[in-house]
Amino acid sequence: MWSDRPAPERLRELMAKMHSVAASDAGGFRTESSAWLNVFYNRPLMTLSYWGGYAVAAGPAGTIKIPGCGFEILEAMLESWRGRSDLVLVGFLSYDLASEIEDLGPAPLAGFDFPKFHFGLYKARQTSACAETAAGAVDKLTLALPDRAAFEASVKRIVAAIHAGEIFQTNLCRSIEVQTEPGNEWELFRRMRSINPARYEGFLRVDSRRSVLSMSPELFLKVENGIVESQPIKGTRPRGGNPENDDTLARELQTSEKDRAELAMIVDVARNDLGRVCETGSVEVIAHAELMSLPTVHHLFSTVKGRLREGIGPVDLLRATFPAASITGAPKIEAMRIAKREEGQERGPCMGAIGWISLDGRMELSVAIRTAFAIDGRVRYYSGCGITAGSDPQAEFEESSHKAAAFERALRREGF
């Protein structure tokens, strides 16, 4: 369950294993609260990759395999150096970790070999030159799952489930996959960034074979001085071809009853999640249904804040809120079950969370939308839509296409 914590003796056992491989030098720098992933972190004191049932911790003193569950292992890593404001974890959490918090039904075949989370422990905000690889050829799209017909059929089934009273809405994703030259991921990230710059940009090199590329506009969790903030996004329109058309599309989104209702339901989920770990009465919506205009789409978003209860740490907060409300649905657990059944595939890092967690309790994580991950040059990208009682299957497919437009343009090298 979301509120489970490892027993103290189990935590001490895991912490000892973390210390056994980490570098001993952990001083000398200060972590800046404004840091995100648009700076380069290098030379970690140790790395921790969780693969489902076990983690691999690696550092200057060696590499060990640690049996256990994802969130207890992450908590042990945080507890090992708790209170150190000069240390920070940087990495990602896979959406599929949700299955370790709640029973979401049988797991589909992963279809890829990727850790369920990966974090590096760093001494500070650091900058360094990053080697840029030469542009390589990108082949044609090799796989899109589900295809248009299957995606629209899923939308129809979900709408029927909503009318039957099973859920109010869910987030349905489809994947796009390409094969490119291994080592070309950094160049692809640069192109994504040029076409569709975002508030939360992140390129994570997990190892020599694996990378995560993210252009997320959405804040999942930010914690500063005990105040937690989340900014769920719902509602999408493409950008117009001229200013007049663009303004029309933006106004259409802002006045859409369907989109505003969809956002309101997700805000309620976010409020409920934060209410599990915040002081009674402190959770409030401080802004609702504001317009966010990005290079390829318009969105609506809201801001929810609360004050964390005494003794609530980063993992407590993650257990209570993960995955983000906007890419799950309402009610959250049943919505995730239905989406999982319809998609028939794991999401990996996509729709999970990316960012940093300071060892003094601060954090800033994005929702891993507009995100791809790569292994041996095989790149997979997910595009999701919120499905409600009023959803039209064709329109939802088109929305998923709008959200994938920047990624597909980067693959075609338009503008380069």
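Guide: Happy to! Let's start at Asp376, which is partly exposed with a relative accessible area of 35%; here buried means under 20%, exposed over 50% and partly exposed in between, with a 1.4 Å probe and protein chains only. This is a predicted model, in which local features need pLDDT of at least 70 and side-chain atom pairs count only at pLDDT 80 or more, while totals for chains, interfaces and linings use all residues. Residues are numbered from 1 along each chain as its sequence is written, and side-chain values use heavy atoms, leaving out hydrogens and water.

The partner of Asp376 is Arg209, with their closest N and O atoms 2.7 Å apart; a salt bridge puts a side-chain nitrogen of Lys or Arg within 4 Å of a carboxyl oxygen of Asp or Glu. Arg209 sits in the loop between strands E8 and E9, and Asp376 in the loop between E18 and E19, so the pair ties together parts 167 residues apart in sequence. Helices (H or I, at least four residues) and strands (E, at least two) are DSSP runs, numbered from the N terminus. Arg209 is partly exposed too, at 34%.

Another bridge joins Asp316 to Arg5, at 2.5 Å between the closest N and O atoms. Asp316 belongs to helix H7 and Arg5 to the segment before helix H1, so this pair ties together parts 311 residues apart in sequence. Asp316 is buried at 10% relative accessibility, whereas Arg5 is partly exposed at 48%.

Within helix H4, Arg190 and Glu187 lie three residues apart, about one turn, and form a salt bridge at 2.9 Å. Searching the whole structure gives 32 salt bridges.
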